[in-house]
Amino acid sequence: MGGLPRMAEGRGMTSPLLQVAGLKKYFPVRKGLLSRTVGQVYAVDDIAFTLNKGETLGLVGESGCGKSTAGKTILRLIEPTAGTIRVNGERIDGLTRAAMRPWRRELQVVFQDPYSSLNPRMSAGDVVGEPLVNYGLAAGAALKEKVAGLFARVGLRPEQMQRYPHEFSGGQRQRIGIARALALNPSLIVCDEPVSALDVSVQAQVINLLMDLQGEFGLSYLFIAHDLAVVEHISHRIAVMYLGKIVELTDKRSLFANPQHPYTEALLSAVPVPDPKARRKRIILTGDVPSPINPPSGCRFHTRCPYAEARCKVEEPAMRELRPGHFVACHLRNVDAAALKPAG
C-alpha cells in the first residue's frame, strides 16, 4: 500500500501540492516502573495519497481510525514514524525544527474545537495577528489593517477585534480560527473536523465560507471529518480510513454512486436519505472495531466484513486501481482491465 496512487485525471492540474507515501505513526505503549515499551498503537499504518493544488481531499472514517493523527503528522505537529511527506516536490518529513519553520507558512490548520484552539487570554485580533507578528510580516497600523481585512473576509466585523474568545459564539470562534489560518497566505490547510462541534445551520455557513475562500485564494484542503454529507458537499476526492489504513480512494461521485470496499458500503448505508419515501438497505456491522494495539492479521476489516473469505484473514490486500482514479484495498474486487487500457 506504500505505493503512491496516481493523480486523478481530467481536473486540469499538474504536479501535486502534497504527496504522502508509506506514512506511519506508531505510539509506544509503556508499562511498569521502568516504562518499558510493551507494544505499539498503530495509529497510522502505511498510507499514501496525493493532494492537488486547489483541491479538497476528504479523509473520513470512524472515530479512532487515525485520520486526525494523519493530519497532525503531515503538518509535523507530531513526528512520523516512517514514510515520506512532500510539499511541492520537496521532502519535509526529515527537516529539523528550524528548517521546518519556512514551511509552516505554507501549511496551516483549523482545529476541531473552536474554543480550546484559541488562547482565552488574547483578544481575537491578537489571535489572528499572531502569525503575522511571529514571521515579522506586519506591525503597528499595518498589522491592524491586515487583521481587520481578515476579519471582514471571514464574515466578522473589524470592531470585534478587541473582544475575547468567550465573547463569541461557536461559529464566530471558528471563523477566527479560519482567519488565523489564512493570515500567512498558505497553500494547504488541514481542516480537522472543523464543523463537528457546530450547529447544523452554522456548519453550512462555515463550509460555504471555506469553499468561497478556496475559490478566491486557490487553497488546497485536507478535510478530515466523519460526517459523509459534509464531506460530499466540500470534497473533490475522498479517502476512507479504517484502523490506520486507507481502504478506498476515489472522486466523490464514484464513491457515493459505486463504493467498492465493504466498509465504505456500510458507512454510506448509514447516511440519512432526505426523501422520506426512499428506502435504503442498512448494513449493520457486527462486532467492535479491533484494537489498534493488536490489529487483525490480513485485511483489518475481515473481523466485521460480511463477505470475508479465508484469504482475507491471512493476506493483507494491496491498494489497487480498479478503474481510472478509483483505488481500493480489497481481495474481493477485480481490476477492470478494459477500463484501464490506454485510449487508442
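Q: Why is E55 called buried?
A: Buried means under 20% relative accessible area, exposed means over 50%, and partly exposed is in between (1.4 Å probe, protein chains only). E55 has a relative accessibility of 0%, so E55 counts as buried. The residue lies in the loop between β2 (36-51) and β3. A polar atom of the E55 side chain is 2.8 Å from the backbone nitrogen of N52. A polar contact is a pair of N or O atoms within 3.5 Å; within protein, one must be able to donate a hydrogen and the other to accept it, and residues adjacent in sequence count only if both atoms are side-chain atoms.

Q: What kind of model do these values come from?
A: This is a predicted model, in which local features need pLDDT of at least 70 and side-chain atom pairs count only at pLDDT 80 or more, while totals for chains, interfaces and linings use all residues. Residues are numbered from 1 along each chain as its sequence is written, and side-chain values use heavy atoms, with hydrogens and water left out.

Q: What is the average pLDDT of the protein, and which element has the lowest mean?
A: pLDDT is the predictor's confidence in each residue, from 0 to 100. The protein averages 89, and 90% of the residues score at least 70. Over residues 337-344 the pLDDT is below 50. Where pLDDT is low, the predicted coordinates should not be read in detail.

Q: What makes residues 200-217 a helix, α6, and how does its reach compare with the expected span?
A: Helices (H or I, at least four residues) and strands (E, at least two) are DSSP runs, numbered from the N terminus. Helix α6 has 18 residues and reaches 26 Å from its first C-alpha to its last, close to the 26 Å expected at 1.5 Å a residue. The expected span is 1.5 Å times one less than the number of residues.

Q: How do you know whether the buried residues of α6 line one face?
A: In α6, Q203, V206, I207, L209, L210, L213 and Q214 are buried. Seen down the helix axis, they fall within an arc of 155°, so they line one face of α6. The arc is that of the directions from the helix axis to the C-beta atoms.

Q: What does L210 touch, and which core residues touch the most other members?
A: A nonpolar core is a set of buried Ala, Val, Leu, Ile, Met, Phe, Trp, Tyr and Cys residues joined through side-chain atoms within 4.5 Å. The largest core has 59 residues, of which I178, L210 and F223 touch the most other members. Contact means heavy atoms within 4.5 Å. Leaving aside neighbours within four places in sequence, L210 is in contact with I178, C191, P194, Y221, F223 and I234. Apart from this core lies another of 32 residues, among them L17, V44, L188 and L249.

Q: Why is P28 called partly exposed?
A: P28 has a relative accessible area of 37%, so P28 is partly exposed. P28 lies in strand β1. Its C-alpha and that of L210 are separated by 36 Å.

Q: What is the class of S35?
A: With a relative accessible area of 40%, S35 is also partly exposed. Its phi is near 50°, a positive value in a residue other than glycine.
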